[in-house]
Amino acid sequence: MDKIFIYNILIGITTSVIGSFIFLIFILIFLRPRIKISNNIACYFENGIKIYRFKIMNTSLYTGYDVSLSLRSLREIPSEPFGKDVFPSELVLGTSNFTNIHPWRPSFMCKNYAHHCIQVKTIEDIENILNSDNYSLQLQVTLRHGLTGLSKSFIANYSTVKRILDGQFEFGNSFEII
């Protein structure tokens, strides 16, 4: 009788540990923040000033909190005896911090507002930066997941001036520039 009791306790502990491990893996994989960043940069004139816009969309089913964005110019310089060193310099964004970004909504639910999408702008001459040799741009988005509190960073790199398109981003879940 003592052996059966001990076996039952060991089986209970083992199944509890395995169940907790599976739940933890589920949380770490499926409940992390998910963000999409546009592959292109929208460019247009506003009051005679050239404006560049980046679009970010929350594709998670939960709100993202403490959203911070940073735009960097990266300069690659060859180093000895081989390889490259990267020298980043921060570029100014119109708004670089948001308290939250709402959860994803399908297009048919976005009539007048798409709060799960954010556009940030800069007036820095990024076209000139991308035309320069050994220069590229990097947009980094960092946020915390609304349910789990887990944070994650997302990075988009722009290495050619062909990524800058004239026009503005289409409303809602689209990254089209019209």
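Author: Let's start with Ile-27, which is buried at a relative accessible area of 17% (buried means under 20%, exposed over 50%, and partly exposed in between, using a 1.4 Å probe and protein chains only). A quick note on the ground rules: this is a predicted model, where local features need pLDDT of at least 70, side-chain atom pairs count only at pLDDT 80 or more, and totals for chains, interfaces and linings use all residues. Residues are numbered from 1 along each chain as its sequence is written, and side-chain values use heavy atoms, with hydrogens and water left out.

Ile-27 belongs to helix H1, residues 2-30 (helices are DSSP runs of H or I with at least four residues, strands are runs of E with at least two, and both are numbered from the N terminus). Leaving aside residues up to four places away in sequence, Ile-27 touches Arg-32, Thr-148 and Leu-150; contact here means heavy atoms within 4.5 Å. Ser-16 sits 11 residues away along the chain, and its C-alpha is 16 Å from that of Ile-27.

Asn-47 isn't a glycine, yet its phi is positive, at about 55 degrees. You'll find Asn-47 in the loop between strand S2 (41-46) and strand S3 (49-58), and it is exposed, with a relative accessible area of 76%. Asp-66 also has a positive phi, near 50 degrees, but this residue lies in strand S4 and is partly exposed at 46%. Finally, the peptide bond from Glu-80 to Pro-81 is cis, with omega near -5 degrees, and Pro-81 is in the loop between strand S4 (64-78) and strand S5 (84-91).
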